[in-house]
Amino acid sequence: MTPDEYCQDKAAKSGSSFYYSFRFLPPIQRQAIIALYAFCREVDDTVDEISETDIARAKLEWWREEIQRTFKSEATHPVGKALEVALKNFDLHEEYFMEIIDGMAMDLDQFSYPEFKQLALYCHRAASVVGLLSVEIFGYKNRKTLKYAENLGMALQLTNIIRDVREDAERGRIYLPQDELQKFNISSDELLALKTSPELTALLEFQTQRAKEYYRIAMDNLPKEDRYSQRTGLIMSAIYEATLDEIVKDNFQVMKHRVSLTPIRKLWIAWRTARREKKAHKS
């Protein structure tokens, strides 16, 4: 299996919405974004799948060293070798990869966040930085597009947090800020016990409005001249916002079941968004 095949397999098996947005890219961009996504999956899986904290921490340190090797064209892992190819084609900054690892490391040290300020740092490292790297791969003319990428990353990560409240609680993690839990009269113990309540519904409505505001800010910062080059991010936004809308329609029953779109619906949203942007670009 070649490094690119390894990354492709990693991306396809994840079942993530990201994979559907990659299908509409030219080969060079597709290779780079799939390599980036495979890296994100590797470090994320390190935290989620390795139960011993010391081992997970050591694995993340190994990935820091592998990124350093990758930027010296000395990668040893298939993902690193695929990223070496991407680095020849795009201006990707080493410190951004390190920030992503920093975000994953936060999951080893923090199981809750006192205020949104601390959560925002986590979202920046785990998602916004990925957006900034993606923008370099997709290409842009206006630096305002970087602001779009940063805010879209926040929106996507907040959507994940709303969708995955139960899954995270089962791992002993609470991403909803503690001061906001108190504001809505919800205890951490209630979340960890997977209890649903009108108070939790109200809190998730509040979180949804915050996520929607980040989507709005992102789109307000996307210049017209960069919309077509950033169509992959627009596909992601459309899929994630549709997921968020389904959670709202389901009255925020996230403690009872995970809300997700079917693969065919994700593909349809991706095709529809790509087609719309292509028509707008040509007009």
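This is a predicted model: local features need pLDDT of at least 70, side-chain atom pairs count only at pLDDT 80 or more; totals for chains, interfaces and linings use all residues.
Residues are numbered from 1 along each chain as its sequence is written, and side-chain values use heavy atoms, with hydrogens and water left out. Local features need pLDDT of at least 70 and side-chain atom pairs count only at pLDDT 80 or more, while totals for chains, interfaces and linings use all residues.

**View 1. R64 in helix α4.** R64 sits in helix α4, residues 53-70 (helices are DSSP runs of H or I, at least four residues, numbered from the N terminus). With 18% relative accessibility, R64 counts as buried (under 20% relative accessible area; exposed is over 50%, partly exposed in between, with a 1.4 Å probe and protein chains only). Look for its side chain making a polar contact with the side chain of E61, at 3.0 Å (a pair of N or O atoms within 3.5 Å, one able to donate a hydrogen and the other to accept it; residues adjacent in sequence count only if both atoms are side-chain atoms). Leaving aside residues up to four places away in sequence, R64 touches M98, I101, D102 and A105 (heavy atoms within 4.5 Å).

**View 2. E94 in helix α6.** E94 belongs to helix α6, residues 94-109. E94 is partly exposed, because its relative accessibility is 27%. Its contacts, not counting residues up to four places away in sequence, are I67, Q68 and F71. V43 is 51 residues from E94 in sequence, and their C-alpha atoms are 15 Å apart.

Conventions. Helices (H or I, at least four residues) and strands (E, at least two) are DSSP runs, numbered from the N terminus.
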